[in-house]
Amino acid sequence: MVAVGDGKLLIVGGRTYRGSAEAFLADTWTYDARSNEWSELEGAGPQARSQHAMAYDSKRGEVLVFGGYVGSSFTYADTWLLNVADGSWRRVRPETAPSARAGSVLVYDEQIDAYVMFAGAEEPPAPELPLAETWLFDPDNETWIDVTTSVAPELVSEGHPTLFELAMVYDSTAERAVLLIAGEATWTFDGATQVWSQSDLGATQGLGADYMVAAAYDTTLSRTVAYGGAPVARVSGTWLFDTAAGSWEKSEAPQHPGPIVNHAMAYEPHSGATFLFGGATAVLVLDGVAPVTNAMWVLDQDGWRVVD
């Protein structure tokens, strides 16, 4: 989920269940935070998928989508751009591009006017095949650039798929991408110097989750907000990361969305609040039915509340 200006949020595709059958979605929806209304975009776009990378370019009013998968049967390597103003999708075909993968994380870096993408897995849900690669997408030339860094975040899976481990946001105050790996390490990426740095206090120090965490950079709080996730049991904590200090602190909100995994989060600037949508109320289910929700929650100065 990404904020796309004018008080709106956008979701693309995803995974759900129809009865006992797993279903992958190909629809695109916008949510108006001012009127609490959903609208489906018409027209052809990316094929049905989940665990794709997505980010919004505020300068051009475009959303970039890359990769994703349909179960364990197929992984995408395609690049799509959505013109938010007219709702039209188009596929771009750069000569050089990342290999097929799912579970990558993507942000638009305002400082360098480019997208930054990290990691993913070529054969999900296999946990032993992570890709610790950093790519930039140049929106002017519509080209992908493979970035070689002296140090890269380490991806260490503990038996669950790598594609579920990561969350990344763009901290517009620090002008850094902030990467959370498996609830255990925090890294930042400086797009101008193309350098990854691990926070001195990299561990979340009690976050309690090691996969399926979601995050958003909240400009009002000047903090990265992380919520939910799952180890053996589900997690319902709200954590705030201060990039400058390199430290996490827990927010004691009296009301919250409860234990949830595989959800989406985004900060919506017109509302001055962070929104959380969807997710499952059970830990990772690869075979069987996971109970999913379409609830929308908002985190503002008064804490979490569900949007009716």
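Predicted model: local features only at pLDDT ≥ 70, side-chain atom pairs only at ≥ 80, totals over all residues.
Residues count from 1 along each chain as its sequence is written, and side-chain values use heavy atoms, without hydrogens or water. Local features need pLDDT of at least 70, side-chain atom pairs count only at pLDDT 80 or more, and totals for chains, interfaces and linings use all residues.

**Exercise 1.** Find which strands stand at the edges of the open four-stranded sheet.

*Solution.* Start with the order, β15-β16-β17-β18, paired antiparallel. Strands here are DSSP runs (E, at least two residues), numbered from the N terminus, and two of them pair if DSSP finds at least two bridges between them. Now look at the ends: β15 (166-171) and β18 (195-198) each have a single partner strand, so one side of each lacks a neighbour in the sheet.

**Exercise 2.** Zoom in on β17 and β18 and work out how they pair.

*Solution.* β17 covers residues 185-190 and runs antiparallel to β18, with four bridges. For a landmark, find T188, which sits opposite S197 in β18.

**Exercise 3.** Describe the ring pair F189 and W196, then say whether each residue is buried or exposed.

*Solution.* First, the geometry: the ring centres are 4.8 Å apart and the planes meet at 45 degrees, so the pair is tilted. (Phe, Tyr and Trp rings, the last by its six-membered ring, pair with centres within 6.5 Å; under 30 degrees is stacked, over 60 edge-to-face, the rest tilted.) Next, accessibility: F189 is buried at 0%, and W196 is buried too, at 4%. (Buried is under 20% relative accessible area, exposed over 50%, partly exposed in between, with a 1.4 Å probe and protein chains only.)
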